[in-house]
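Here's a quick tour for anyone meeting this structure for the first time. Take a look, then read on.

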Amino acid sequence: MPLELAAFFRTTLPLDLGGLEALDDGRYHSLWLPDHLVSFWPDSIWTPEFTDLAEVSPSPHRYLDALALAGAVAARTTRTRLATSVLDTVRRHPVMLAQSALTLSHLSDGRFILGLGAGERENLAPYGFDHRATVSRFAEALRLIRLLWNADGPIDFAGQFFTLEHARLDTELHRTGPPPVWIGANGLRMLRLVGELGDGWWPTGSAGPETYASQLAHIRDAAEQAGRDPDAITPAKMVVCLIGEPDELGEIMQRPLVKSLVLQLTADALAAAGHRHPMGEHWRGIQDIDPRALTRDRLLRLFELVDPAAILSVVPHGTPKQVAAQIAAFGEAGARVVSVLDYSGMAGQVYAAESARKVREVEDALLQLTGSTP
């Protein structure tokens, strides 16, 4: 099945807007801008002791504001869509999200995609944000955003989390209509919300093509029950992979930052592949990462338990052609847009320097394999 490519646009320092012209040539469906305060790489091992990347950047957490940066990207591009990947509905009030999305829709001439999710612990807990009932908060926030976009005049709203009294958002929609909302979802409640309210689906994590297809079936069922066209929802997938020749991968898998990838993988995914997660059987991957708890000593003990074979059992890996074939399976499972994220660059400066070339080779092989055109 033909696939469209998406590209990640780095939202950390050092800022580089110079490559935008090359990304706006029609090759990519969209540019995805991550929205974080901190990264998934624990700062306790972001030191020269563990990685020479610490010699280049003093911290893995030098994030810029994704919405502000999206405005700069919108002003410097004309063809490619741009999307937040993804904003949460805890750190930003839905009224402000609604206004920002409309602003970016007008700045980009209708090319903006509002990527939304319920939130992740590492961006919430350290800053005192309430990370309880995030799915219920998300559902209410999204319905409120839709209400604001569709309202003709002031509205009143009394919900569990948000209250509006004679509130208005009179900024008109762009001529193309409201910004599409793509939802980052994995759990059943969130998947149902994609079917009921979303324009696109944006799962993260380590689930393979079979799980992807099953989750997509839940979304389509929810859409039909809500009286919506399931085919109007765009299924997307960010694919974290490890690109390299066999000997190269053997070296890459010994590097601490690459071993820490296991923290982003769920216990369920590893169990399905016959492996036990070193963080326990209830570990939920990205959702459970808390940088404050990941001390140097705890991570050293974790690395002793990490089985590289367990990581490779759920993460696409191999040569560019091999990785392309594994990603193509997501297209067969229903994905229409995919982005390739090469984690081998976290093995050190030498590998980071080659990562962009490797990703390009995977993308080229994927387009050829699936009969797609850039």
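## Overall build

What radius of gyration would a compact globule with 374 residues have, and what does the chain have? The rule puts such a globule near 21 Å, and the chain comes in at 20 Å, which agrees. Keep in mind that this is a predicted model.

The C-alpha trace spans about 65 × 45 × 40 Å along its principal axes. Of the 374 residues, 54% are buried. Among contacts with a separation of 6 or more, 73% link residues 24 or more positions apart.

## Surface and charges

## What the record says

An unreviewed UniProt entry lists residues 43-335 as "domain: Luciferase-like". In the model, that span is 41% helix and 13% strand, and its end C-alpha atoms lie 34 Å apart.

Most peptide bonds are trans, and most residues other than glycine have a negative phi. Now for some exceptions. Leu 13 and Pro 14 are joined by a cis peptide bond with omega about 0°, and Pro 14 lies in the loop between β1 and α1. Another cis bond joins Ser 85 and Val 86, with omega about -20°; Val 86 is in the loop between β3 and β4.

Asp 109 has a positive phi, near 60°, and is partly exposed at 44% relative accessible area. For His 166, phi is near 50°; this residue is in strand β7 and is exposed, at 59%.

Definitions and conventions. Residues numbered from 1 in each chain as written. Predicted model: local features only at pLDDT ≥ 70, side-chain atom pairs only at ≥ 80, totals over all residues. Heavy atoms only, no water. Rg over C-alpha atoms; globule rule 2.2 N^0.38 Å. Buried < 20%, exposed > 50% of the residue type's maximum accessible area, 1.4 Å probe, protein only. Contact = heavy atoms within 4.5 Å. UniProt positions renumbered as here; feature names shortened; annotations may be inferred. Helix = DSSP H or I, 4+ residues; strand = E, 2+ residues; numbered from the N terminus.
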